[in-house]
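Please examine the sequence and the structure shown below. The paragraphs that follow lead from an aromatic pair to the strands around it and then to the protein as a whole.

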Amino acid sequence: MATAEPVAARKRRPKGHFAAARAKRPRGSGRQLEAGMRGILITCNMNERKCVGEAYSLLGEYGDLLYGPEQFSDPEERLSGSEKEEDEDDVEAALKKEVDQIRTSTEQKLRRFQSVESGANNVVFIRTRGIEPENLVHHILKDMHATKKKKTRVILRMLPISGTCKAFMEDMKKYTETFFEPWFKAPNKGTFQIVYKARNNSHMSREEVIKELAGIVGSLNPENKVDLNNPQYTIVVEIIKNVCCLSVVRDYVLFRKYNLQEVVKSNKEDAQQNPSTVTEEQNLTVVKPETEEEKSSEEVKQENKSEGEIQAESKGNDTLTV
């Protein structure tokens, strides 16, 4: 009788109990976006599962073209015949061999592209290994811009993330002092703008972030200039929860803010659907970043037009002031 009560209790649970428990588990089998990762941040239109599939297909296609097919070696081939015989006779060596094989098998599962939990709705993060995400994404957009061939349905924007750090001001300042060097440290220089987006984060101040990052760029080389119309470089700052994703990209204006749906449109078609000029779009600012709950599905569909990006404004000046 003592064991009957727990059984009865289990039977009284609602039918959807276990389904609800599974639904609460984080996607990505425990893999989550964290500081130290590199990859590609992708926004989509209400269908993350299909977005991941499209991302794997698109990245795999261009990844194979640029870097060749992924190679996976057989762990058994790493051992010679004599070594195998020794391991079979040596219990300790056999155990070590098994551990090594498990480790090798795990490493093989860490593919060139691996989806991880981003921490925000309608956002997918694809972790990359052994490639330069900014070069790969630029190549994809350049090809799509030239051919005007649409290759995705639900993917909106595809942003390379060259570095990540904790989303706290001191961490960001320390990280970007080195991160920005390849583009902005003397003798390197260039015109730039800053675009900023925060999701599920309320402790960061956009004004403070823009001011500090612009100041760091200026300290690396005073000849770096702000240009909101057609900058050489666009500094992308994407904050999700407590992770700051950073990249410095080229042709941000030419490639329609790295929007895969817009970049394939002809100039005539784009002019008909977007009568406002690029300069007018860049002057749009959002005083208070929207939360995911406040975004409607229609706003998500129009994310390429007004995504809450905050740009470093020069107030009419073409020189950097901090």
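Are Phe-184 and Tyr-233 buried or exposed? Both Phe-184 and Tyr-233 are buried, where buried denotes under 20% relative accessible area, exposed over 50%, and partly exposed the range in between (1.4 Å probe, protein chains only). The model is predicted, so local features need pLDDT of at least 70 and side-chain atom pairs count only at pLDDT 80 or more, whereas totals for chains, interfaces and linings use all residues. Residues are numbered from 1 along each chain as its sequence is written, and side-chain values use heavy atoms, with hydrogens and water left out.

A pair of aromatic rings is described by the distance of the centres and the angle of the planes. Rings of Phe, Tyr and Trp (its six-membered ring) pair if their centres lie within 6.5 Å; planes under 30 degrees apart count as stacked, over 60 as edge-to-face and the rest as tilted. Eight aromatic pairs are found in a search of the whole structure. Phe-184 belongs to helix α8 (residues 181–184) and Tyr-233 to strand β8 (residues 233–240), so the pair links distant parts of the chain, 49 residues apart. Helices (H or I, at least four residues) and strands (E, at least two) are DSSP runs, numbered from the N terminus. One aromatic cluster includes Phe-180, Phe-184 and Tyr-233.

Strand β8 is largely enclosed by the rest of the structure, because eight of its eight residues are buried. One face carries Tyr-233, Ile-235, Val-237 and Ile-239, and the other Thr-234, Val-236, Glu-238 and Ile-240. Two strands pair if DSSP finds at least two bridges between them. Strand β6 (residues 191–199) pairs with β8 in the parallel sense over eight bridges, and Lys-197 has Glu-238 as its bridge partner in β8. Strand β9 (residues 243–249) pairs with β8 in the antiparallel sense over seven bridges; there, Glu-238 stands opposite Cys-245. The hairpin of β8 and β9 has two residues between the strands, and Lys-241 in the turn has a positive phi of about 55°.

For the whole protein, twelve helices and ten strands are assigned. Of its 322 residues, 42% count as buried.
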